[in-house]
Structure formats: C-alpha cells, structure tokens
Amino acid sequence: MNKPARRAPQNTLASKRPGRGRFKRQLPLHVMILPAVVILLIYAYVPMLGTVIAFQNYTPAKGFVNSSFVGLENFRYLFSNPNFTNALKNTVIIAFWKMLTGLVVPLAFSLMLNEIGVSWFKRTSQTIVYLPYFVSWVLMAGIIVDIFSPTRGIVNSFLGLFGIDPIFFLGDNKWFRFVLILTNVWKEFGWGTIIYMASLSAIDPSLYEAAMMDGAGRVRQTLHVTLPGLMPTIVLLATLSLGNVLNAGFDQVYNLMSPVTMQSGDIIDTLVYRIGIENGQFSVATAAGLFKSAISCLFIVASYKLADKFAGYKIF
C-alpha cells in the first residue's frame, strides 16, 4: 500500500504575511483615523481618572490626589436624597417614552410617506421634517415657549376656539412631561425617518409585484412585505436605544424646566448639574454621574447582545 504523503510543514512566517500585507494596505486608513483616536483618548478616556472623586471628600484646593478617601459615603448620601429618587423616576419615565415614540413615530411617518407616488413631494417632506434635527435646544426652547405660551401661543389660541381655557403647559407638572416628549418627537423623528426610508428603498420591488399578483392590496402589502422587510432595522434601532434608558435629554430639560415643574421634569443630569456646578458638591455629583454611566454601560452591553441575536448586528 502506498503511504500517504506527508504534509509539508507550514511556514509560520508565510502564514503571517497576509496579515502584514493587509495591515500595510490599511495603513493609510489607520493614519487617517489616528487624530480622532487621540482626541477620543484625551477627552473621553483620560477624564475617566476623575471618577475617583466619587470615593473621596474632594476639595479643589487639594486635588483628587490629596483628598481624603471616604469609600461609598457619597453614594449613601446620594441614594438617601429624596431629590435623587424623584430624578431617577422622572429620568426613566421620560427616557422610556422618548425611546418608544422615537421608534413608532418615524416608522409610521415613513410608511405613510412610502405610499406617496410623487417623488418631489416625498423629498420635500423629508427635508422639512429633517430640518429641526439641526436646530439646537437653546433655539428650540425659545420657539417652544412661544408656541405653548398661555397668552399668545398658537396652541392656546387654537384651544380657545373651542372654549377651552388657556393651559400653562410649561408651568404645570401635569403637562410638562407631555410637552417634553412631544417636542422631542418634533425635533428628532426626521432622523429616524431617513433611516427607515433608506431601509424601504432596499426592499426588493419584485416582492410587491408577487403580492399584487396574489391579490394583496396596499394594506396587506404593508403587513406582509414592507414590515417584514423593515423588521431587522426596527429590531436594531430598538435594541440600540436601550443604552439611552437613563438619557432623558439634559439640553432639552434644562432649557425648558423651571422651579415650578421640577417635580415632574427634574432628571439625573439636571440634578448632577445643580449638585456639582451650582452647589459645589463635586464628590456627590461625580457619584451620581458614575451611577448613571454604570447603568447605561450595562444596558449598552445588553443592547449589543440583543442586536447580535435578533438583527445579526456586530460592532466587529
């Protein structure tokens, strides 16, 4: 019997050459991204050394190197503060409704826009709803105050046509969260619409033709063709939004909230700002920020796991 020929030993250097060659080809890309990496390290990772303040009785004169270590005392003080409990509750409620409306409203608008056959109208509508996304909350706050003004606002003027008394939307705890969520939808849903419209353009037109041949109308085409085609995008955006469960929007809340609406509008970010910047309790503010970051990090990890499981999305 003929013995099988021995396999020649692989040259380890040769096996490494493809990787080296790929790195050399990609070297210009690495050099191009290097400034962004340096900026990220300086402004995102180096400041993380300051989280040690959360475990110290920090004073600026001594610095975090010479300040005394107090362990978890700042966290005990923070969790026993009734303002923190209220801020945590408001943060979760506002962030949840922002996440929900941020998924549903752009999806519904994209589906309606997709049914319009006039291309110029679709492009114009996309541009109009996308414009508020580029406006800062500082400018938006001024516009929102005018719109919801109880004396000359367009909303109360419209309600007055039906005999409804003026409502102080931005000065009433019953309405303040509603205004936050509504105005956030107005400003942000244009971005989600762009994503869904891009996903709609990727659906194979032959699927609609096959559905029409089977007698499906527009509603059934939407239910059996459009929505299944959008499902990976919906699942991906839903899972990735979990990382924002404690991000209720500092810019918006800070510019619209007043002492009257603090009970329903105060969130963790605004509480941290008041404790750290206005009251100078840097250690307690850092503890609150570290708590929020730790919870958000857990949700981000979970969201990427869910995105990988349900949508096949991976970061690398």
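1. Some ground rules. Residues are numbered from 1 along each chain as its sequence is written, and side-chain values use heavy atoms, with hydrogens and water left out. As this is a predicted model, local features need pLDDT of at least 70 and side-chain atom pairs count only at pLDDT 80 or more, while totals for chains, interfaces and linings use all residues.

2. Start with the domains. The assignment for the protein chain gives domain 1 (22-69) and domain 2 (89-266 + 300-311); such bounds come from an automatic or database domain assignment. The C-alpha centres of domain 1 and domain 2 lie 34 Å apart.

3. Next, the largest pocket, with a volume of about 630 Å³. A pocket here is an open set of points on a 1 Å grid over the protein atoms alone, where a 1.4 Å probe fits, with protein on both sides within 12 Å along at least five of seven lines. Its volume is the space filled by probe spheres set on the points, which are joined across faces, edges and corners.

4. What lines the largest pocket? There are 27 lining residues (those with an atom within 4 Å of a point), and Lys 98, Met 99, Gly 102, Glu 188 and Asn 244 lie nearest the centre. Helices H4 (82-114), H8 (173-201), H10 (218-240) and H11 (250-256) each give two or more residues, and H8 gives the most, with eight. Helices are DSSP runs (H or I, at least four residues), numbered from the N terminus.

5. By class, that lining has 15 nonpolar, nine polar and three charged residues. Ala, Val, Leu, Ile, Met, Phe, Trp, Tyr, Cys and Pro count as nonpolar, Asp, Glu, Lys and Arg as charged, and the others, Gly among them, as polar.

6. The second largest pocket has a volume of about 330 Å³. Of its 14 lining residues, Val 272, Ala 285, Thr 286, Gly 289 and Leu 290 lie nearest the centre. Helices H13 (268-278) and H14 (282-311) each supply at least two lining residues, with H14 giving the most, seven. The classes here are seven nonpolar, five polar and two charged.

7. Finally, look at helix H6 (residues 137-147), where Trp 137, Met 140, Ala 141 and Ile 144 are buried (under 20% relative accessible area, 1.4 Å probe, protein chains only). They sit on the same side of H6 because they cover an arc of only 105° around the axis, taken from the directions from the helix axis to the C-beta atoms. The buried residues of H6 pack against H8 and H11 (contact means heavy atoms within 4.5 Å). Val 138 and Leu 139, on the face turned away from the buried side, are exposed (over 50%).
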